[in-house]
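Subject: Handover of a structure

Dear colleague,

Please find the structure below, together with its sequence. My notes on it follow directly after.

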Amino acid sequence: MTILIDNKAKLKESLQPKGFLRYFSFSLDHKVIGIQYLVCGFLFYLVGGTLASAIRIELISPLSDFLPRDVYNQVLTLHGTIMIFLWIVPVVNGAFGNYLIPFYVGARDMAFPRLNAVAFWLIPPSGLMLIASYFIEGAAQSGWTAYPPLSITTPQSGQIIWILSVLLLGGSSIFGGINFIVTILKLRRPGLKLMNLPMYCWAMLGTSILVVLSTPVLAGTLILLSFDIVAHTGFFNPALGGNVVVYQHLFWFYSHPAVYIMVLPAFGLVSEILPIHCRKPLFGYTTMVFSIMGIVVLGLVVWAHHMFTSGTPPWMRLFFTIATAFIAVPTGIKFFNWVATMWGGKISLNSAMLFSCGFIINFVFGGITGVALAQVPFDIHVHDTYFVVAHFHYIVYGGSVFVIFSSIYHWYPKVVGKLLNENLGYLHFALTFIGFNLCFAPQHWLGLNGMPRRVAEYDPQFQFVNQISSLGALFMAISTIPFLINIIISIKKGEIAGNNPWKGLNPRMVNDFSSSCRKLGRRGSISK
Amino acid sequence: MLNKSYYLILIISIIIGISFWIGFNVNLLPEEASINAPIYDELFKILFIIGLILFIGMTALVIYSLFKFRKKEGEFGDGIALEGNLSLEIIWTVIPSIIVLFVGIYSYNIYDRMGGMNELNHNHETMNTNSEKIWAGISQANNSNSGLGETAIEVSAMQFAFLFNYPQGEFISGELHVPVDQKISIKMESKDVIHAFWIPEFRIKQDIIPGQPTILNFTPTKIGKYPIICAELCGPYHGGMRASIIVEDKSDYERWFNQNNKTNL
């Protein structure tokens, strides 16, 4: 039986295009699919980044003078949607997950290769469809949250295409999630116990559980919303007796875990990268595993902290405050463990390590403002202001995107076989880190002092600080240039990486770059 | 060993000292103009100081490790094969839990002082609108049994303006005039989409949700003109949806009120 399947697979493999073209095919190879996710995600990142630049240019002056007002709202909606659903979620899950998980668990491929390919190929069309909606009647303009009744009353075609696109992306995410769960639980090589899995596998297991539990809720909600828009039903339309707060509950039941869907895999990746560049085993493996699972469980019961000003009853505000604040505990454990991993190591301060350290510093900052935001009385003042914008960019950009870059620097030699240029990497890091903090740190002050989010015009007293923020955005935009040059030049001209570019001594590192596997130093064998 | 812990205590106290200094000397917040504002600022200060201690501490640890444990040129050895330390793990689970619990209880206390935990009576006598459910916004602690204060104003939010209806005078104004040091109750309704009523100087915000009339109480304490800002994306002109609240002393307020009062005519 197995032989039969293998023959079939071989036949399929022989029909696949070879070379560069295989990245444009319905490939079933997990490595190809991983690269497809990464490159596709990065292209959408450039689109989302261009939109972000448009927002920051608009905000250089206090008047709405760069973009028409409705186009500005479309730009911010597309920016949020693209960055979340087409860049961070597919890349931290799909790209690195597909590439690394089969190696880590010792499987030939993912459990369902065809489903895997389908999951990827849902992404480019839905992304293009989302962008194309701009040219019909204008894209969706009710923010990435699409709160009714605004989403019901704005031009329909853009909103409907937005819903369809997010539904397809959600489907892709669910397919991927199922695939990861099955691969990690069922395709481990014999003898590989759960508690010996590399940390990224645990992170992906936790993330996939969140994906599978919460994404269908978003799908159902958006389908109801589309009924309200197209068929004039009244689920969320108060004019027809609907309740808009119900939409918010359902939406955030997905969209808060979505933050962890973006951040948990990043935690996993950092846990793989730090030990190699610090030349030490990961500190506190068991607590790291439990903290991931703790975040998964708590992450499902904190959604209403996005709704403290929406007329939620006092007991609910209290419960969600405490649940949210407690996420800081398992998250804090992870950060202390990473610092302890660095402690007493032999650290190579290369680009991958720099981006990981940048991630730790940025995320600690974002986490601290997060605990503050969890407190109802604090949140009531700053909810829906630039303080919140700053907070979640510290989480998703300072957190996830820094880790994506760190991972690219770390695994590029494995994927391409060439080393990246370290000097360009340093330049990329410096520009990104300075630009990022220049862009988002001042926004905390803006929010505290009275600038709401999603506005094209603002009180002139905020102009100077907004210009600083826009300057930071300019740095961030420029920072992609050395990165792209580095990536493209190194494919042809990079130094040959060899089997062991990071000079790992352990045979497992040499073979497949797996790092935090506890066998590295489980019995204290690493230094021998 | 003694020397080491001495340095550790010294560094920790320096970090705490710096954090307290910044916390007490750097003001990131706008003017305080309501009863809520000083309470809010107290919470902010505490959170700011705790946050600074953690942030400076973690950043210092990361940067110190990067310098102290740098690999030397041509060195290929490994770091110490340390896999974990149970007592350390317990310390950094328990201490953050205590901090989080403390912050939670403290902010509960703050919230209670702001009046956030008071259940409002639905179908209140002075603002009874055909037994519809009235939703509680964050309210004021004094006069805790009744959600409604002495001055009651109806606020309608629509794309893209606030209108203020003074039922006692039967007139509508584009500016919100209120007397200083007096509890104000506003009943907010939205005509179309979700808006939010935010006065940064008062540290209050409440969404105005269509189909859910909401009461918001506040007590201004400082005479002046402050912005009322819509904080929930409500359409293309969202950024321009602003109004002003003018806090006046009682005689000025009454003069203004009588000028506009239509019941006297």
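In this predicted model, the crossing of helices α3(A) and α7(A) is left-handed. Helix α3 covers residues 69-105 of chain A and helix α7 covers residues 156-186. Their axes lie 11 Å apart and meet at an angle of about 20°. Since an angle under 35 degrees counts as roughly parallel, α3(A) is therefore roughly parallel to α7(A).

On the side of α3(A), the residues that take part include A:Phe85, A:Leu86, A:Val89, A:Gly94, A:Gly97 and A:Ile101. On the side of α7(A), they include A:Trp162, A:Val166, A:Leu169, A:Gly176 and A:Phe180. Sorted by class, this contact between α3(A) and α7(A) has 11 nonpolar and 7 polar residues, with no charged residues.

I turn next to chain A as a whole. Its secondary structure consists of 17 helices and 0 strands. The radius of gyration of chain A is 23 Å, close to the 24 Å that the globule rule gives for 528 residues, so chain A is as compact as a globular protein of that length. Along the principal axes, its C-alpha atoms fill a box of roughly 65 × 50 × 50 Å. Buried residues account for 60% of the 528 residues in chain A. Of the contacts in chain A between residues at least 6 apart in sequence, 82% join residues that are at least 24 apart.

A:Ile380 belongs to helix α13 of chain A, which spans residues 376-382. Is A:Ile380 buried or exposed? A residue is buried if 20 or more other C-beta atoms lie within 10 Å of its own; A:Ile380 has 23 such neighbours and therefore counts as buried. From A:Ile380 to A:Thr480, the separation is 100 residues in sequence and 36 Å in space, C-alpha to C-alpha.

Finally, there is the interface between the two chains. Here 76 residues of chain B are in contact with 81 residues of chain A. On the chain B side, the elements that give two or more residues are the helices α2 (36-68) and α3 (86-114), along with the strands β7 (195-199), β8 (204-208) and β10 (224-229). The largest share comes from α3(B), with 14 residues. By class, the side of chain B that touches chain A has 45 nonpolar, 19 polar and 12 charged residues.

With kind regards

Technical notes
Residues are numbered from 1 along each chain as its sequence is written. Chains are lettered from A and ligands numbered from 1 in the order in which they are written. This is a predicted model: local features need pLDDT of at least 70, side-chain atom pairs count only at pLDDT 80 or more; totals for chains, interfaces and linings use all residues. Two residues are in contact if their C-beta atoms, placed from the backbone, lie within 7 Å. Helices (H or I, at least four residues) and strands (E, at least two) are DSSP runs, numbered from the N terminus. Ala, Val, Leu, Ile, Met, Phe, Trp, Tyr, Cys and Pro count as nonpolar, Asp, Glu, Lys and Arg as charged, and the others, Gly among them, as polar. A residue is buried if 20 or more other C-beta atoms lie within 10 Å of its own, exposed if 12 or fewer, and partly exposed in between; C-beta atoms are placed from the backbone. The radius of gyration is taken over C-alpha atoms; the globule rule is 2.2 Å times the number of residues to the power 0.38. Axes are lines fitted to C-alpha atoms, for helices over the stretch in contact, and angles run from 0 to 180 degrees between N-to-C directions. Angles under 35 degrees count as roughly parallel, over 145 as roughly antiparallel, 65 to 115 as roughly perpendicular and the rest as oblique. A crossing is left-handed if the near helix is turned anticlockwise from the far one by less than a right angle, and right-handed if clockwise.
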